[in-house]
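Please read this briefing with the sequence and the 3D structure side by side.

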Amino acid sequence: MGLVGTISPEIGNLSSLVSLDMNDNSFHGPIPPSIFNMSNLEVLSLRNNSLSSSLPLDMCIHNLDKLKILHISDNEIYGNIPSILEQCLQLEFLNLYNNKFDGFVPREIGNLTKLQTLRIGANKLTGDIPQEIGRLTKLQRLSMRSNKLKGPLPATLFSMPSLQYADFAYNELSGSLSPQIGNMTSLLRIGLEFNHFTGEIPKEIGLLTNFERLSMCCNNISGSVPRELGNLTAMVGIYLAQ
């Protein structure tokens, strides 16, 4: 609606509010702490503003226990991703994309077992991808692209039965792509470009009958292209440029 200014803290007085959508405006300043005390809130969506503050380290402890959707992408939110998010056990959709979050990916995020979408790309996150991510058995979409993540892809990633879209492009990840990727029967697309991956393309990708897109350009991949990729009749894109 082209709204400007700051978000009034008095909005936290709406104790019966279930959904708050302020997307695509020009709000600036902090997210009022009072919003995180709204006990009936199920949807909090503040996408595409100019909000700048950190998330409260005690969020989800006393309230927000009904929150299912937290969508605050495309702002200027900074600081660590609070590990206490694990207490928002009803979360199904968590989108923190394109902010200024730094620090590590909290291992506690693996306790949000109802998550279907997790987007934390385009931030300043460092460290490794925690093994606990594999606990998210209902996760369908995962984006960690455009951070400063290092190390290998965790082994637990390859046992996530529901994952359809995975994007780890533009990081500093290394190691080889595990043959266990053949177990990810729901996988449609994976983005691994602009990292430091080595080794060969596993032939087991050919077991993913619905697979559509493989992006591995600008790594240190060696060997030949496995002929098993020819089994992937749904494939629309293979990107292996150096």
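**Cysteines, backbone and packing**

Cys 217 is buried, since its relative accessible area is 14% and the cut-off for buried is under 20%. The model described here is a predicted one.

**The disulfide**

- The count of disulfides in the model comes to one, and this link is formed by Cys 60 and Cys 88, whose sulfur atoms are 1.8 Å apart.
- The link of Cys 60 and Cys 88 is left-handed, with -85° about the S-S bond.
- Cys 60 lies in the loop between strand E5 (50–51) and E6, while Cys 88 lies in the loop between E7 and strand E8 (93–95), so the pair ties together parts that are 28 residues apart in sequence.

**Backbone angles**

- Most residues other than glycine have a negative phi.
- Cys 60, although it is not a glycine, has a positive phi of about 80°.
- Ala 122 is not a glycine either, and it has a positive phi of about 55°.
- Ala 122 is placed in the loop between strand E10 (117–119) and strand E11 (124–127), and it counts as buried because its relative accessible area is 17%.

**A buried serine in a loop**

- Ser 73 is found in the loop that runs between strand E6 (69–71) and strand E7 (78–80), and with a relative accessibility of 2% it counts as buried.
- When neighbours within four places in sequence are left aside, the residues in contact with Ser 73 include Leu 46, Arg 47, Asn 48, Asn 95 and Tyr 97.

**The nonpolar core**

- The largest nonpolar core has 67 residues, and those with the most contacts inside it are Leu 118, Leu 153 and Phe 168.
- Leu 153, again leaving aside neighbours within four places in sequence, is in contact with several residues, among them Ile 129, Phe 158, Phe 168, Leu 173 and Phe 197.

Note on methods:
Residues are numbered from 1 along each chain as its sequence is written. This is a predicted model: local features need pLDDT of at least 70, side-chain atom pairs count only at pLDDT 80 or more; totals for chains, interfaces and linings use all residues. Side-chain values use heavy atoms; hydrogens and water are left out. Helices (H or I, at least four residues) and strands (E, at least two) are DSSP runs, numbered from the N terminus. Buried means under 20% relative accessible area, exposed over 50%, partly exposed in between (1.4 Å probe, protein chains only). Contact means heavy atoms within 4.5 Å. A nonpolar core is a set of buried Ala, Val, Leu, Ile, Met, Phe, Trp, Tyr and Cys residues joined through side-chain atoms within 4.5 Å. A disulfide is a pair of cysteine sulfur atoms within 2.5 Å.
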